[in-house]
Amino acid sequence: MMPVSLPPVGLRCAHLDNPLGIAPDRVRFSWLLDGTGLQQAYQLQVIQNGRVFHPDATATWDSGRTESGDSADIPYGGPPLTPGGRYAWRVRTWDPAGTESAWSDSATFEVELDQADWTASWIGLGALREHFGPPSQPGRPDPIAMALRPAPHLRRSFTLAGPVAAARLHVTALGLYEARLNGHRVGDAYLSPGWTDYDQRVLYQSYDVTGLLREGENVLGALLGDGWYCGFVGFDAKRAGGHYGGAPELLAQLDVTLADGTDVRVVSDDEWTGRSGAIQHADLLMGERHDLRLALPGWDSPDAGSDEAGWRPVLCRPRDGRALVADPGVPVRVTDEVAPVSVSRSAGGTLLVDFGQNLTGWLRIRAKGPAGASIAVRHAEVLDADGRLYTENLRTARQADSYVLADGPAVLEPHFTVHGFRYAEVTGYPGEPGPGDIVARVAHSDTPAAGTFESSEPWLDQLFRNIDWGQRGNFISVPTDCPQRDERLGWLGDAQIFARTACYNRDVAAFFAKWLDDVTEAQLPSGAFPDIAPRLNFPGAGAPAWGDAGVIVPWTAWKMYGDRGILERHFGAMTAWMDFIERGNPDYLRSRELGHSYNDWLSPHGDETPHALVGTAYWAHDAALMAEIADAIGRDDDAARYRELRAKIGAAFADAFVDAAGHLASGTQTAYVLGLHLELIPEESRAAAAGHLVAAIRAADWHLTTGFVGVGYLLPVLSSAGHTDAAYRLLAQRTFPSWRYMIDQGATTIWERWDGWSQEHGFQSAWMNSFNHYSLGSVGEWLYRFVLGIDQEPGTAGFGRLLLRPHPGGPLHRAQGSYQSARGLIRAGWERADGRFTYRVEVPAGAVASVRVPSADPAQVRDAAGEPPAGVAEFPGLAGVGEAVFAVGPGGHEFSGPDSQHSR
Ligand code: BGC
């Protein structure tokens, strides 16, 4: 092979492109290799206060040539980074032949401010009371309307004495902010600063605003929304509209360097003024109301010479003890616009708009006055039997927006709310909407797409899309259970079961990095992880399969992204969790301290799996993962300790729940799935136990009976135990309960319940019936790892050592897809035609793979040139088990052999 040089591309710091604010202990580097070779060594250089490297520049840190194939999760190893400091970095590589690449282009990162660097104060207007909506019923005040308040507009004008060389706006809110500078919106993020436990920690964002400033007069402004801080959150009516505080406040610091080197700082302080404007209320759950007649044209711009009338001094208080932390996550952005698939008008004149997709976001409407005319928008996921919006399942959430028009054309769009919907009812639209007049704006945490999947079965492709849409709609600052009703909470159980699927679908490295801080922060002093994070005032903690997310999600982030930083950061919290369980359960059966023990939540036939079985299985899982985690971060003693613990729990589990013939207590599918997946069944009984699982599925007439907990591992367990045929039967099953049943009912996301709606019973209980819950979509992992076969060698992380092992079966004759891994793009696809099975893969630079090709005659597998593929001899022991095994390096490879006809 010709030696090739591997120029590093796609440089990232802390999983982000050129972050403008990153905590020093999160500074870890990664890159991709442009080419098809392996990396033998790298050299990484960091300089301060420069964006380009000059030959004579002195590096702040130079790794020197470092012998390593790693290209992700490289920790910074230089002297302490300066708070607020601006750094540039670059990297070059060597391949095994010694060929040196050119230096990469430079990338940058800027370091989080020190708490002492903040001189800004919290400012706001207190709880504005001037624009109550009318009571919903004459004479009876509407308690929700009573809690809604106008959005403060805050501003300050200032003068710059010369042209601007560089400027950063560091900004946050207790509540939500939209920063404005000289008439422009700053950045493209929504719902900033995101949700954290504001009593302890507030994230801030930093923006490069150099281009928005000018010599002379400037105006810095902000709109504030209630958001999670003082708006409606969750279902706790007692604290509705005020979990953390009573009114939103802003904290802003603009640091400007003029061309002559002078530093200028403008902060939120008592020089600011504020007032309300067009936004009469803005609430995450309830929606938004604008009266355009009250708009303040030019309020955020010096040009319009805006009117001082009505502006009053802000309330100002010094910054308190809450930690201000640079946002390690990704912003919520509008990532798509969806046009209606149909718009129909009712006899009463109301428009019913169908977007054809259950999504999360809001409507953007173009309309033209008359002044005083009102447009009201309601949103729903589904329609009732009469074709009207079904909103009962929203519980107290209203997700309704309304607008009072001024004269002339207007673009109507909320600022501080988000709705879960496929349908919208628009009342009062003047005239007929033309193309583009009504669109849905899709908004969620901007986690770039990472995975693709496509097959010969359209319904399976629909399932894949439904899983991804469910993820998009629910990853909004935290991974929520659902995006529509008065809940939208960061449930840990849902997150852990879906985490692996989530990582395959989208790049959620930074998103989970942010949320895992929320999880650790919400841990109780006992060590119990909470049921939800941020915790609000919800008392639940310690529940099996919920609290365990505190171990499983960091492990998953490491597994998928090679992120050891996450493991180090949360190791203490994970250890405290393990100690908490062990303290309560000295006999190694987890039957106490189970908190709310949701068990196999929403399993279709009720709660039959013993709680202690689920609890003990998850505890064993934690212990096994903790051993791997400890190994990964070089804590050998801990690794040994957790292996020992795992063995004890395993023995207790087998003793209590498994008989000699491999039967599990209760005999539920979930019991078998957990026992097999977590290797809790003695080796000699595993094959029998897998047979019992298949028998239980057959006894249910080839239906699954798993809830949230069992569902994620069900198909992986079947495939791993050689029952891929049963896995495909469940996948293709059309009658309830099944994934395809939802699709047959028109689902475009994953439902919370297997029977959210059925021909026999109509809607399930309105009290708990979301049509956009991702948990049951955890089957996505199986599509990637088993159908496509994109997986990693056991025990490895970060996709440096791939295991490409497809599991064809069922009605599929073709499947193909890809995964943008930490090492680069992996492709895999197969087809069965004319008695042959063909598998094509692409291995990214820097990775090696073992490829296992199922075939009726493994010895007859050939490459694209019809030759026996190289590398087969490396695994001689595996010949004859229906798979040919090859070791390959970076690049494209094709394998084709006699089809086994039947699936494994
Ligand atoms: C949520 C779930 C959550 C569960 C706990 C529900 O209200 O929607 O997704 O995990 O409570 O059992």
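1. Let me start with a pair of helices: helix 7 and helix 9 lie roughly parallel to each other, because their axes cross at roughly 30 degrees and angles under 35 degrees count as roughly parallel. Helix 7 covers residues 564-584 and helix 9 covers residues 636-657, and their axes come within 13 Å. Please keep in mind throughout that this is a predicted model.

2. Staying with that pair, the crossing of helix 7 past helix 9 is left-handed. On the helix 7 side, the contact is made by Phe571, Thr575, Met578, Asp579 and Glu582. Helix 9 answers with Asp638, Arg641, Tyr642 and Leu645. Sorted by class, this contact has four nonpolar, one polar and four charged residues.

3. A second pair is worth a look in your viewer. Helix 10 (residues 669-677) and helix 11 (residues 683-699) have axes that come within 9 Å and cross at roughly 155 degrees. Helix 10 is therefore roughly antiparallel to helix 11, as angles over 145 degrees count that way. Here, too, the crossing is left-handed.

4. Which residues bring helix 10 and helix 11 together? From helix 10 come Gln669, Tyr672, Val673 and Leu676. They meet Arg686, Ala689, Ala690, His692, Leu693, Ala696 and Ile697 in helix 11. The residues of this contact divide into eight nonpolar, two polar and one charged.

5. Five strands form an open sheet in the order 34-41-42-43-46, and their pairing is antiparallel. Strand 34 (451-455) and strand 46 (891-898) are the edge strands, each pairing on one side only. From one strand to the next, the twist averages 10 degrees.

6. A handy landmark is glutamate 842, which stands opposite glycine 892 in strand 46.

7. Finally, the chain as a whole. How many helices and strands does the chain have? The count is 15 helices and 46 strands. The radius of gyration of the chain is 28 Å, close to the 29 Å that the globule rule gives for 904 residues, so the chain is as compact as a globular protein of that length. Taken along the principal axes, the C-alpha atoms fill a box of roughly 85 × 75 × 60 Å.

Key. Residues numbered from 1 in each chain as written. Predicted model: local features only at pLDDT ≥ 70, side-chain atom pairs only at ≥ 80, totals over all residues. Heavy atoms only, no water. Pairing = 2+ DSSP bridges. Helix = DSSP H or I, 4+ residues; strand = E, 2+ residues; numbered from the N terminus. Axes fitted to C-alpha atoms, helices over the stretch in contact; angles between N-to-C directions. Parallel < 35°, antiparallel > 145°, perpendicular 65-115°, else oblique. Left-handed = near helix turned anticlockwise from the far one by under 90°. Contact = heavy atoms within 4.5 Å. Nonpolar A, V, L, I, M, F, W, Y, C, P; charged D, E, K, R; others polar. Rg over C-alpha atoms; globule rule 2.2 N^0.38 Å.
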